[in-house]
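Subject: Structure handover

Hello,

Here is the structure I promised to pass on. Please open it first, then read my notes below.

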Amino acid sequence: MSANDEKSANNFRILVVDDEIPVLEVIAEILEAAGWKVDALSSPTEAIQRVKRTRYDALVLDLYMPELPGLLFHSKLKFIDRELWTRTVFVSGHFSTEDLRRSLEGTPRFVPKPFKSETLVGTVGMALPEVTRTVGEGVRS
């Protein structure tokens, strides 16, 4: 990796939302080791507020959270930050119901738990834009 590649990798900011603290910490560590800045939140309600104030390049989102399910979070995100909505990576250890399968059909970015770090990093890397969005950080009109 050249110095320019390393510099650009360090500029990407990723939001991770998972209510399971140990999983949240592992995901954050893996993504930080890949050279990205990571904000990790266990509260999806807090994460929605953060998205309103901060421009993220990608989102790693757990599907099953009691406070606010991942699919509902994602639906709200569509109206708050449409580009981030398209740059979401779903993670879940529960992928059993037919409704959920239909909801995620055509979603190319899904990582089942447990996952390998290479799989997570590769999938998040594919979700990132070519150029970081965090340059124009702040509240959007």
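Helices and strands here are DSSP runs, numbered from the N terminus; a helix has at least four residues and a strand at least two. Please keep in mind that this is a predicted model.

**Overall layout**

The chain holds seven helices and five strands. Along the sequence they follow the pattern α-β-α-β-α-β-α-α-β-α-β-α. Of the 141 residues in the chain, 46% are buried. Take the contacts with a separation of 6 or more: 67% of them come from residues 24 or more positions apart. The accessible surface is about 7600 Å². Carbon and sulfur atoms account for 52% of that surface.

**Strand β4**

Start with β4, residues 88-92. This strand is mostly covered, with five of its five residues buried. Which residues lie on each side of β4? Thr88, Phe90 and Ser92 are on one side, and Val89 and Val91 are on the other. Both faces are covered.

Now look at the partners of β4. Strand β3, residues 58-62, runs parallel to β4 and is joined to it by four bridges.

**The cores**

The largest nonpolar core has 21 residues. Those with the most contacts inside it are Ile14, Val16, Ile27, Leu31, Val60, Leu120 and Val124. Which elements each supply at least two residues of this core? They are β1 (13-17), α2 (21-33), β3, β4 and α7 (117-127). The largest share, six residues, comes from α2.

Leu31 is then in contact with Ile14, Val16, Trp36, Val38, Val60, Leu120, Val121 and Val124. Several names return from the core list: Ile14, Val16, Val60, Leu120 and Val124 are among the residues with the most contacts inside the core.

There is also a second, separate core. This one has 16 residues, including Val17, Val51, Tyr56 and Leu77.

**Where to look**

For a quick tour, go to β4 and its parallel partner β3. Then show Leu31 with its contacts, among them Trp36 and Val38. End at the second core, where Tyr56 is one of the residues.

Best wishes

Key: Residues are numbered from 1 along each chain as its sequence is written. This is a predicted model: local features need pLDDT of at least 70, side-chain atom pairs count only at pLDDT 80 or more; totals for chains, interfaces and linings use all residues. Side-chain values use heavy atoms; hydrogens and water are left out. Buried means under 20% relative accessible area, exposed over 50%, partly exposed in between (1.4 Å probe, protein chains only). Two strands pair if DSSP finds at least two bridges between them. Contact means heavy atoms within 4.5 Å. Accessible areas come from the Shrake-Rupley method with a 1.4 Å probe; for residues, only the protein chains shown count as cover. A nonpolar core is a set of buried Ala, Val, Leu, Ile, Met, Phe, Trp, Tyr and Cys residues joined through side-chain atoms within 4.5 Å. Lists of a residue's contacts leave out its neighbours within four places in sequence.
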